[in-house]
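Please read this note beside the sequence and the 3D view. It takes the ligand site and then the domains.

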Amino acid sequence: MPVIKDAVCSLCGSLCDDITVTVEDNKITKIENACILGHSKFVGMLEHDRIETPMIRKDGELVPVSYEEAIEAAAKILVNSKRTLSYGWCSTSCEAVSKAIQLAEETGSVIDSTANVCHGPTALAAQEKGAPSASLGEIKNRADVIIFWGCNPVHAHPRHMVRYSSFSKGLFTEKGRKGRKMIVIDVRKTDTAKLADNYIEIEQGSDLLLVTALRSIVNGHEDVVPETVAGVPKAKVVELAETLKNAKFVCIFFGMGVTQSRSKYKNGDAMSSLISDLNQHTKAVMIGMRGHYNVTGFGQVATWETGFPMAIDFSRGYPYYNPGETGANDLLVREEPDAAIIAAADAGAHFPQKAVRHLAKIPVIQIDPYPNPTTEIADVVIPAAIVGIEAEGTAYRMDAISLRMKKLIESKFKTDEEIVKDLITKVRELKRGA
Ligand code: SF4
């Protein structure tokens with residue numbers, strides 16, 4: 001009975017790499033170390049419906065076909081399209097992302113990741129101001145003040161605090177939780193906030209005000225701060241600034257509560273400046289709490305290959321990038337795309353109504369292991385192996401550390417990488433008129 005140690009959990013951006021998996025008769029029968037979310041990923045493939053076969057929509061119904069027929073139908077859609085949107089690619093391997101970028105270039109498409117609706121503003125902020133960061137190992141070993149701002153790891157990244165942050169014990173943080181100060185800043189008292197030493201409740205959309213006030217105090221201009229900031233009494237903001245200045249090592253983990261609230265990328269931009277200010281007094285870093293397990297990897301691969309982390313438009317024959325214009329939702333709301341590939345993501349469930357309404361009007365190719373609301377509007381559905389379980393590959397953790405995901409069991413499904421390679425070959429054949 002094979003017992004596979006140090007498997008990587010391919011669910012959230014924590015990418016826990018200490019999972020032990022027991023396999024019997026090509027089935028996962030035991031999972032050790034994973035949290036409830038990770039556990040559901042490993043057993044989910046047994047308990048949830050899969051897309052069992054490639055399908056093409058005929059007379060309004062999806063009918064089973066071979067991989068070859070589905071690839072051919074998808075390639076025809078791409079070749080006949082003048083403006084394809086390729087979206088998702090964050091719950092798959094970097095190798096598949098690389099091929100997806102190649103396909104986008106080959107077809108003059110726009111390719112965007114799920115960061116479009118989560119940490120995209122973080123990427124913009126990092127481009128403008130930088131993002132002083134560290135590995136999660138450094139946080140574990142050194143950070144004595146940890147802030148969770150606009151995120152709720154108890155539910156979204158359940159092992160994060162135990163493995164890497166507040167509750168972990170490291171080389172210079174051997175007392176674990178007792179030796180660290182945990183602060184939560186949020187608009188409501190989340191389950192993470194209930195574990196904090198200091199919970200600071202702010203008014204909705206006021207993150208930028210609080211960051212700016214903290215910067216003023218850290219830089220010695222307390223006098224310009226009003227008596228209340230973001231709904232928080234000045235005395236409490238001063239106390240927080242002093243805690244940060246007097247720490248040995250501060251890490252601010254921030255989530256979509258920061259990136260998707262009012263001021264968007266300016267929140268991350270200002271936070272980056274706060275981190276720089278704090279580094280005049282102590283060591284401080286910031287890390288985005290990335291959701292999809294390889295959304296960081298998409299940004300890395302896209303940046304190596306095109307110079308840009310997301311929202312890349314190849315229609316000019318070279319990569320062009322202007323989020324707000326070339327983002328997946330921007331295009332769909334303007335009703336520009338005349339075809340779409342949605343891979344390893346569920347635009348049908350997560351995009352605004354107007355965007356989904358346009359998707360429903362155009363040919364959609366879906367590549368995914370599981371059926372989801374996007375399947376309902378797809379014209380070609382291509383099932384894929386689950387990366388990290390049925391296929392190996394590379395992914396980047398939220399701190400941009402790359403990890404190799406193992407193949408744990410055999411599968412009848414093609415990998416995302418193989419599917420996209422086949423699509424590229426078929427598109428080239430059709431373009432040549434072969
Ligand atoms: Fe998987 Fe995330 Fe849970 Fe770790 S914290 S086991 S990566 S779901």
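1. The shell around the ligand consists of 9 nonpolar residues, 1 polar and 1 charged. Here Ala, Val, Leu, Ile, Met, Phe, Trp, Tyr, Cys and Pro count as nonpolar, Asp, Glu, Lys and Arg as charged, and the others, Gly among them, as polar.

2. The model is predicted: local features need pLDDT of at least 70, side-chain atom pairs count only at pLDDT 80 or more, and totals for chains, interfaces and linings use all residues. Residues are numbered from 1 along each chain as its sequence is written, and side-chain values use heavy atoms, with hydrogens and water left out.

3. Residues surrounding the ligand include Cys9, Cys12, Cys16, Cys35, Pro158 and Arg159 (a heavy atom within 4 Å).

4. The protein splits into domain 1 (52-117 + 293-386 + 412-432) and domain 2 (120-288), with bounds from an automatic or database domain assignment. Their contact takes 7 residues from domain 1 and 6 residues from domain 2 (heavy atoms within 4.5 Å). The C-alpha centres of the two domains are 35 Å apart.

5. Between them, domain 1 and domain 2 bury about 440 Å², 56% of it on carbon and sulfur atoms; buried area is the accessible area (1.4 Å probe) that two parts lose on being put together, summed over both. Val117, Met310 and Tyr321 supply 57% of the area that domain 1 buries against domain 2.
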